[in-house]
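Work through each task before consulting its solution.

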Amino acid sequence: MEATPRFGIRQVAAFLFSILLLATFSAQAQDWVRTGTNLGAQKIRLAAADFKMAGNDPALSNAQQSFNQVLYSDLTNAGIFDMVSKSLAPPVMPGSPQEINLSQWSSAPANAAMVAFGAINVQNGRTIVYGWLFDTKNTQSPQVLGQQYNEAAGPNTARHIAHEFADAIISRLGGGINGIAETTIFYSSDRSGAKEIWQMDYDGANQHQITHLGQIALSPRISPDGSRLAFNELSSKGSTIRLYSMNLNRMVNFPIHDGTDFSPAWAPDGNNLAFSSSRSGDPEIWTTSASGFNLRRVTAYRGPDVSPVWNPKTGTQLAWISGRTGLPQVYIMDSDGTGVQRMTDGGYATSPSWSPNGQFLAFAWSRHYGPGAPGGQDIYVMDIASHRWIQLTHDLGRTDFPSWSPDGRHIVFEVAHHGRSEVWTMLADGSEQHALTKVGNSRMPNWSWK
Amino acid sequence: MKHKKNSALAAAALTAFLIVTGCHHKKAAAPEPPAPPAETTPAPTANITATPDTINPGQSAVLNWTTTDTTDVSIEGIGAVPSSGTKTVSPAETTTYHLTARGDGGSTDASATVTVGQAQQPNTSGQLTEAEFEQNVKPVFFDYDSYSIRPDAQQAITADAAFLQSHPSAKILIAGYCDDRGSAEYNLALGQNRANSAKTALTQAGVNASRIRSISYGKEKQFCTEENESCWQQNRRAQFSLDQ
């Protein structure tokens, strides 16, 4: 008697087909994010040679090491290069075009399409760098970039010049979008004993305290031109929006206050802010000019309306969080309050951030929310036009407060895990996740506009 | 009748006098015999007290009077009264009770004043300490993601309002708090709504709104840090304190 097979050919085929479909769907889901965030193009295989020391100043060795390490990191962090690892690179330090042998770089094991190289010197209190970017396959006219830097030699100069050169390469090879090597991140940290606003380089270096108020400082938002830092101060006087001048290094006056204002957000024109206030009884979204004129209420619906953010491309729309239907959801509207559109379909969604190209919202979402519900709060990216979304973090802890980098390729965010909060960074497709802060509790990061 | 009474009294007095004087055998040299009792009626005496002599509005005092040799006694505002007696009075304001006593020997008067004090002064906030405030004005607690006043919260509000009404010049700061789950900014709004709810409930219970200020700390200040429902409930609150 023939045994009846449990799974016929048809069932197996159907199963395999659905697997394929799922894989394809997932791959496509990743693709639309990569395309929209300029991470999608074929990654260029780039080699960064160690720069040669062109002198014998005792400070030069440190400067050279710092430069090489920072240049390599910046190019790796950019997200658009397939970097040749140092172990696969030929063990040479060409200091000038005359010294470079392109075939060493174009052939295995390096297989580089592009190579950055040059020389660094410290002389008479100046740090001088010559840097080139060569196309390894174009032996006739390989030069893509030739840069020269000459700056007063200080403890951070080599690092700074490396940032500048990396940005030049990234811009040149990355379709004209500016690199982020000189951008900074503002965040709230309790490291000094009280919650204050801190600032660090985009890669976590140079962490330093900005405010010294001794109260609770939250929600830092730097202005588009980098001159003014808005943030929220909590004290027994209430919740106020404060302004710090980055140029004058002191607090300056923000003329709007009633004790219930928080979550400020700059419009891309640098003249207007949106914020949440309960001055009319219920937390609503308001807008004002930075000097306090044209104070206007934009929302008028029962339920908390908080965390506004402007469309940075147009300056004519706001995304924000509203609890008007119960648990908080992401909405968008025109900045005069019309055209309200709900974006999320349930769960608990907060902290929207609008991508620089105007196409995406990043936000924190707990899709199954409530006591004992499975899953946690993760960072999601949603395409505004289609409402399709992708989950970027998994099992990291409770994440919140995503903030886009100005190149649209990176997202910085907060992770709470085992009672501690850290600021992490990642590429906007969810890869390359790592922590930037290690000390104290760091939260609510905000990426500078340039 | 009165005459008879007076004669009897006189006779009694005379007898008493004689007995008394008779008891004291003074060895006087040929004392002159006492003069015969004069034919005079003793003057009336009167005495009136009020106990206590100072009261608050709504309280009462007891008038207590005694008179001698009186035929009629009256107290102004009350009328004719027995020659001795007590009466409870409850004047609304400071009153002097003037007693007039008349007798065969004349008349006399007496008075007692009942002082009615100001309405009891409550302690000003300068005397009310922060500790006393927090002992007596209890926080109210909220459900998950909610800013509605639950029945147990309403009970606390009622008790808190009673205490606050007895200290009418104390100013109140209400701060709203959240548990540490959920987003920092959304929780600032939730905390504000909790403080506002508590303020509304207090004003509905009679506390003047102008005495109350409401702020939010969101999830930025925690009362406990355990990751369990009991601690989370502790953090979901509106807390009252003495405002400056």
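**Exercise 1.** What covers the buried residues of helix 2 of chain A?

*Solution.* The model is predicted: local features need pLDDT of at least 70, side-chain atom pairs count only at pLDDT 80 or more, and totals for chains, interfaces and linings use all residues. Residues are numbered from 1 along each chain as its sequence is written, while chains are lettered from A and ligands numbered from 1 in the order in which they are written.

Step 1. Helices (H or I, at least four residues) and strands (E, at least two) are DSSP runs, numbered from the N terminus. A residue is buried if 20 or more other C-beta atoms lie within 10 Å of its own, exposed if 12 or fewer, and partly exposed in between, with C-beta atoms placed from the backbone.

Step 2. The buried residues of helix 2 of chain A include Leu60(A), Phe67(A), Leu71(A) and Leu75(A).

Step 3. The cover over the buried residues of helix 2 includes strand 1 (44-48), strand 2 (52-53), strand 3 (81-83), strand 4 (114-123), strand 5 (126-135) and helix 4 (157-173) of chain A.

**Exercise 2.** Is Gly281(A) buried or exposed?

*Solution.* Step 1. Locate Gly281(A) in the loop between strand 15 (272-277) and strand 16 (284-289) of chain A.

Step 1. Gly281(A) counts as exposed because it has 11 C-beta neighbours inside 10 Å.

Step 2. Its C-alpha atom is separated by 17 Å from that of Lys237(A), 44 residues apart along the chain.

**Exercise 3.** Which element of chain B gives the largest share of the side that touches chain A?

*Solution.* Step 1. Two residues are in contact if their C-beta atoms, placed from the backbone, lie within 7 Å. On this basis, 17 residues of chain B are in contact with 29 residues of chain A.

Step 1. Helix 4 (184-204) and strand 11 (212-218) of chain B are the elements giving two or more residues to that side of chain B.

Step 2. Helix 4 of chain B gives the largest share, eight residues.
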